[in-house]
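This report describes a structure for a reader who meets it here for the first time. Sequence and coordinates are shown below.

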Amino acid sequence: MPTSPATLTEARRLRDHFAAQGAIVVKADVLQPADLLLDLYGEDIRARAYLTADPLRGEKVLRPDFTVPVVQMHMETYADPARYTYSGKVFRKQETDETRANEYVQVGYEVFDGQNPAAADAEVFAVIAAGLAGLPLRAATGDIGVLMAAVRGLRTTDDRKAALLRHIWRPGRFRALLRRYGSGEVPPLRAALLATDDPFASAGPEVGLRSRAEVAARIAALRADAEAAPLSSDETALIDAILGLRATSTDALSVLRDIAVDMPSIGSAVRRMEARLDAMAARGIDVDTLDFEGSYGRTSLEYYDGFVFGFYASDRPELPPIATGGRYDALTARLGQGRAVPAVGGVIRPDLALEVGKC
Amino acid sequence: MLKLGVPSKGRLMEKTFDWFGARGVTLRKSGSEREYAGAVDGIEGLELVLLSAGEIPRELALGNIHLGVTGSDLVREKLVNWDRRVREMALMGFGGADLVIAVPQGWVDVDTLDDLDAAAAAFRAQHGFRLRIATKYHRLVREFLRDNGVADYQLIDSQGATEGTVKNETAEAIADITSTGETLRANGLKVLSDGLIHASQATLFRGSRANWTPEQRKILKALELVLDL
């Protein structure tokens, strides 16, 4: 669908607003290599983005966002600190809801600054909020970093922590793992396997690339897991408390500080949140009324691993978020071939901003 | 005229003819054995169209045919939001086959999707690429694995002899249709205990009636009466 002149004007206004904060205007190819996105997101990306085969260049994807190409661009030039802005169409397959747009303009603001992450978080949120000033919106925030710190600090095996961290983005599987680790139960078939002297007695011939040694290694891991002590109910209760947290940011901080007494591992993440709220308050954001949700940002197909936020139309719950953003330090580490730069950014959809402004 | 699409060959066609015949509607191929033209006795205005079972979902959704017999797996795989675009009129009780996830029997450590997910994570770390699952049912398999929280896999397209891909080392596991499981076992594979994606059978579907004429609606009513639906 062609972009309306009004949307283009609004996109231009937002990009100028971001550029006025010192951001360099950058562009990205519409066709991006698909292998990188497939590596990051797995097969699920095929349901969300348009992948296409190029006989010479392999699989390509119509850019589903600008973040990945902007990170790549930054990792090549590597001038820290840096601020970037861009405006252009992104393409999203809509497999379930035909009313949602499959191509639309995003205007973004990305900050690469390792000096003061809390200030950078506050800056991105405040600059996006200023771009949307006057619109009837409500903001939602969260912090994936708190949850990740809580998992890393659990008193359990490294394998279990790694499995939980791997599934932070899949709440159903995360919960199932947490339940199993907490129960101390071993599924009957697994118990039978671990009890046999020769697990390969009736295994038949070896077929395929996954070798018998790999199977044996996993059996050893299963044995270690079966012998590990169950996760304490106190600790799973604390994880549940973090996930179930819904409060204003000020109250949420207070609750998380209480949790940190029993779970010291989240201490530094909570201090980062406190520094962020101070930096936001200094920028005029009313953190006493700003919503915070412990689970916010976990179900989107994104790469955020710290502060996360979204702006929603107050009276139009059917609309997608008008703006979204967050911190993605881990993504820069994966794309930086060993180097990592703390990074945070957000995008606004000018078409939706206009739509909400009409009311 | 109301067009009924039926698979153009093999057991699915014969069984479909038998099913309608037992209910007083005679479907038959007209002309020579090789010609894909059909005739109907018993319902005035019903036209038989013979075409590939795999094309019937699309033709139904496009409105090129009004009714169609095909596997429920094919409709779910090929039509996004299938239940909003076509309606099941009758489960026909034949052509039964299960779409399942199968892995080598030698994977004694893998019995459930939970195991598959853990094995996929270790496989990726060991081999540097995501565990490959060969299938032709891309959408159904992807949605099933997403809903069950399985990660670190990739789907490899396989339009035939899928059971052989593991032995040939072009895939580590498969997702395919099986009725007895014999071919799976013969190729050294086993089905995951919670790996049933869809239990498929031949089904009579009708497309959206939005653009139907009063005459076409009347023919459908007559057919429903004869078929006792």
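Strand β7 (residues 97–104) of chain B runs antiparallel to β11(B), and seven bridges join the two. One of the residues involved is A97(B), whose bridge partner in β11(B) is S200(B). Strands, of at least two E residues, and helices, of at least four residues in H or I, are DSSP runs numbered from the N terminus. Two strands count as paired if DSSP finds at least two bridges between them.

This is a predicted model, in which local features need pLDDT of at least 70, side-chain atom pairs count only at pLDDT 80 or more, and totals for chains, interfaces and linings use all residues. Residues are numbered from 1 along each chain as its sequence is written, while chains are lettered from A and ligands numbered from 1 in the order in which they are written.

**The sheet of chain B**

β7(B) and β11(B) belong to an open sheet of five strands with mixed pairing, in the order β9-β8-β10-β7-β11. At its edges stand β9 (153–157) and β11 (189–200) of chain B; each has a single partner strand, so one side of each is left without a neighbour in the sheet. From one strand to the next, the twist averages 25 degrees. Strands of a sheet pair through backbone hydrogen bonds, either parallel or antiparallel.

The parallel arrangement is found between β8(B) and β9(B), which are joined by five bridges. There, L131(B) has Y153(B) of β9(B) as its bridge partner. β8(B) is mostly covered, since five of its five residues are buried. A residue is buried if 20 or more other C-beta atoms, placed from the backbone, lie within 10 Å of its own, exposed if 12 or fewer do, and partly exposed in between. L131(B), I133(B) and T135(B) point one way from β8(B), whereas R132(B) and A134(B) point the other way, and all are buried.

Helix α5 (residues 113–127) of chain B lies across β7, β8 (131–135), β9 and β11 of that chain, and runs at about 120 degrees to β11(B). Such angles run from 0 to 180 degrees between N-to-C directions, with axes fitted as lines to C-alpha atoms, for helices over the stretch in contact. Two residues are in contact if their C-beta atoms, placed from the backbone, lie within 7 Å.

Helix α6 (residues 138–147) of chain B has L140(B), V141(B), R142(B) and L145(B) among its buried residues. Just after α6(B), G149(B) takes a positive phi of about 65 degrees.

**A loop residue in each chain**

In chain B, A210(B) is found in the loop between β12 (202–207) and α9 (214–227). It counts as exposed, with 6 C-beta neighbours inside 10 Å. In chain A, A28(A) is found in the loop between β1 (24–25) and β2 (31–33). A28(A) is partly exposed, with 18 other C-beta atoms within 10 Å. Leaving aside neighbours within four places in sequence, A28(A) is in contact with R63(A), F66(A), P69(A), V70(A) and Y86(A).

The table gives C-alpha to C-alpha distances for two residue pairs.

| Pair | Separation in sequence | Distance in space |
|---|---|---|
| A28(A) and E95(A) | 67 residues | 25 Å |
| A210(B) and A125(B) | 85 residues | 52 Å |

Chain A has 15 helices and 12 strands. Its radius of gyration, taken over C-alpha atoms, is 23 Å, close to the 21 Å that the globule rule (2.2 Å times the number of residues to the power 0.38) gives for 359 residues, so chain A is as compact as a globular protein of that length. Of the 359 residues of chain A, 40% count as buried.

Chain B has nine helices and 12 strands, and buried residues make up 43% of its 229 residues. The mean pLDDT of chain B is 94, and 98% of its residues reach 70 or more; pLDDT is the predictor's confidence in each residue, from 0 to 100.

**Where the chains meet**

The contact between the chains takes 30 residues from chain A and 29 residues from chain B. On the side of chain A that touches chain B, α3 (45–48), α8 (171–183), α9 (188–195) and α10 (212–227) of chain A each supply at least two residues. α10(A) gives the most to this side, with six residues. The model scores ipTM 0.88 and pTM 0.89.
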